[in-house]
There are 2 protein chains.
Amino acid sequence: VNGVIIGVGDERLIGQIVNSNAAFIGRALEEAGVRVLRTAVVGDDAGAITRAFDEALRDATLTICTGGLGPTPDDLTKRTAAEYFGMRLETDPEHSRRIAALLAARGIPWGPAADEQSLVPKGATVIPNPTGTAAGLLFERAGRRLVLLPGVPQEMTRMMTDSVIPVVSSLPGRMAIRHRTIRTSGAGEQTLHGRIGDALPGGADLAYLPSLTGVRLRITARGGSAGEVERAVAEAEAHLVERVGRFIYGEEEEELETVVGRLLAAGSLTLAVAESCTGGLVARKITSVPGASGYFLGGVVAYSNNLKTKLLDVPPNVIERFGAVSEECARAMAAGIRAATGADIGLSVTGIAGPSGGTPEKPVGLVWTAVADGETTRAARHQFGEGRERVTERACTALLLMAWETLMARSG
Amino acid sequence: VNGVIIGVGDERLIGQIVNSNAAFIGRALEEAGVRVLRTAVVGDDAGAITRAFDEALRDATLTICTGGLGPTPDDLTKRTAAEYFGMRLETDPEHSRRIAALLAARGIPWGPAADEQSLVPKGATVIPNPTGTAAGLLFERAGRRLVLLPGVPQEMTRMMTDSVIPVVSSLPGRMAIRHRTIRTSGAGEQTLHGRIGDALPGGADLAYLPSLTGVRLRITARGGSAGEVERAVAEAEAHLVERVGRFIYGEEEEELETVVGRLLAAGSLTLAVAESCTGGLVARKITSVPGASGYFLGGVVAYSNNLKTKLLDVPPNVIERFGAVSEECARAMAAGIRAATGADIGLSVTGIAGPSGGTPEKPVGLVWTAVADGETTRAARHQFGEGRERVTERACTALLLMAWETLMARSG
């Protein structure tokens, strides 16, 4: 099975939206054993869409096309596909009922847009969309499949996972392929590469995927039998654990905050956080994990010095003497949030996110993090370079990493 | 002039990297008056690259291709292009000197990779790369141009801006084109479309770009003279202001939190926020704007009921009688954060983000927001459907929108 990915929409073509849909779909297809030949983006133009269908169906047995399924006049994908396959549009009663339920739940009255969204090419298979009004559609002709999905990432990803991948996974002729992602934090790409070396035992490929929260190591084994690729991945993973094990905190889609949350839940511990320069990002990441209310009590975003004193009980003379961005202030904040909330573990971060506010002694990018667990309070200094987004993301990661280390040390 | 954008690289194809290069190039070309026909991504495969060149040069007068210009064996773009145009590779002395200087500055010795990077197809024009070893290359044949650029975003963007766009801007036959993006919040795509109607006066096109924070309306006028497209955009904008003006909060890249921040700064007002279900997202958005420390004092993420009482002074009997997700609690939180911080304006949000925690009376997605400004406290009820990410993003937007309305009413 080989595949082509098409995106439809002027906004992707002229760069108002980065086409992250293609990345998600490419990865999902590759993991399901489909060889992706290419991806394409075309504008909201029936001629361009038709031509993209033509070229895709000529080369690939599976084509996934996103975008252009909305109810407005610039949405042309559904009508163009219907014409391409010689199908008439008619109202699909079941999909229409789903739209009605969705609109009712959101308190929106039925209107002409809902009529339009209920229309489906007769002969195509409807792929349910649990969270939107655009139906997914599957067309088949002479062993070639074309899938249309909405361009809204939340809707598309859910439909890919729930409906499209199960169908793809049942197709014959897929490659033997195995991926495995090992997540690291606390070491850069070059450090990791120096320790791991150029080639993996077992012949698998390794990709370094750096981001502001760490470097993911992606092992890929292709070809041969299912057993062979399985063995190659296992050998590669053992090599990584041996060489860079101390930087590995998780695997696959597991973020640091998820791992930290699991350790907290397992130890029946509670957490609270005091943030300054990260402005709520640490709390936001922690609470993005479903079930966080089981261990996260809350936090204080103490952006002004006054709030550090008032809500976190940081002694005013600490701020006067050492400044708000200092080891002493970070320690006082971590202890303060612990005391204010009664949490088992208190985290804190204070720094200079920029672009302004830096001095020669305390430049932009300087960050202090601290963890207080009632027995000890640890603090660490970081220098993260420039860029507000970069500094805050890396500060957040450094703090979560410190929390992870503390929890690992406590648990054994 | 019309254009095609090609990206080369397995990592883009299988979704290890999001292809943000295409978005940047698409936008740059469109702004220079080039009509972008499509973008494509192909793998590290000479056959696929050749075919992509063929299709691009058939349809477009200008093709920009990124990636595959490195020195490793999987980098095939330069050799494939040389073969495609029937050119021999030879060392380019000037480019070779640039590489030598670059390596010297980084303390890297000259090696086989530098030899490889010095080779250039004889007959192609070299586009200087100030920050990397890969030469950009321009090929011309029968009035069609193919530009090769490295895939490293920092190198590519600089070369596009410094060298490619100046050449493009001198080509005859470019379109007159004007874009304008109007940002709305508080109304869905369907509501906006119902009010705006199918066609814009003046003949410009309108695209609806929905996200969880609102719908952007993108006006595009093409063709004719510069004066004509300018007029068409102005007419379209006047129409939008007339029809949906009350939902318009900004334009182009301006986020709601930026506009709110500007109004606060203009009025010399300070802000603080008390969050529950959004878990820090509101504070994070507000502090993502450079200069936020000028008006944002801080916030409390009161995830547990105990913290709502302890840090925000919400009376325990309010939570007992009405629950933490209630109008009464939202009002008490907004007033409480205002009092605790001394801010002019206090914002609050409390709701059920899910996936668990819902009841028939208070389902997942129920959110209360409130704004207290010392004179009055306004509260609003929302029902946002399912999905933790969706509920928190929309709750945050609803609260920022309420803050915006309050500030607009005060200032006007």
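## Two packed helices

In helix α10 of chain A, residues A:L256, A:E257, A:V259, A:V260, A:L263 and A:L264 meet A:T397, A:L400, A:L401, A:W404, A:L407 and A:M408 of α15(A). Contact means heavy atoms within 4.5 Å. The residues of this contact divide into 10 nonpolar, one polar and one charged.

α10(A) spans residues 256-266 and α15(A) residues 388-411; they pack at an angle of about 30 degrees, with axes 10 Å apart. The two are therefore roughly parallel (angles under 35 degrees count as such).

## About the model

This is a predicted model: local features need pLDDT of at least 70, side-chain atom pairs count only at pLDDT 80 or more, and totals for chains, interfaces and linings use all residues. Residues are numbered from 1 along each chain as its sequence is written, chains are lettered from A and ligands numbered from 1 in the order written, and side-chain values use heavy atoms, leaving out hydrogens and water.

## Aromatic pairs

Over all chains, the structure holds nine aromatic pairs (ring centres within 6.5 Å; planes over 60 degrees apart count as edge-to-face). A:Y84 and A:F85 form an edge-to-face pair, 5.2 Å centre to centre, with 80 degrees between the planes. Both A:Y84 and A:F85 are buried (under 20% relative accessible area, 1.4 Å probe, protein chains only). A:F53, A:Y84, A:F85 and A:F139 form one aromatic cluster.

## A buried asparagine

B:N21 sits in helix α2 (residues 20-31) of chain B. Its relative accessibility is 1%, so B:N21 counts as buried. Beyond neighbours within four places in sequence, B:N21 is in contact with B:R12, B:T66, B:G151, B:P153 and B:M156.

Note on methods:
Axes are lines fitted to C-alpha atoms, for helices over the stretch in contact, and angles run from 0 to 180 degrees between N-to-C directions. Helices (H or I, at least four residues) and strands (E, at least two) are DSSP runs, numbered from the N terminus. Angles under 35 degrees count as roughly parallel, over 145 as roughly antiparallel, 65 to 115 as roughly perpendicular and the rest as oblique. Ala, Val, Leu, Ile, Met, Phe, Trp, Tyr, Cys and Pro count as nonpolar, Asp, Glu, Lys and Arg as charged, and the others, Gly among them, as polar. Buried means under 20% relative accessible area, exposed over 50%, partly exposed in between (1.4 Å probe, protein chains only). Rings of Phe, Tyr and Trp (its six-membered ring) pair if their centres lie within 6.5 Å; planes under 30 degrees apart count as stacked, over 60 as edge-to-face and the rest as tilted.
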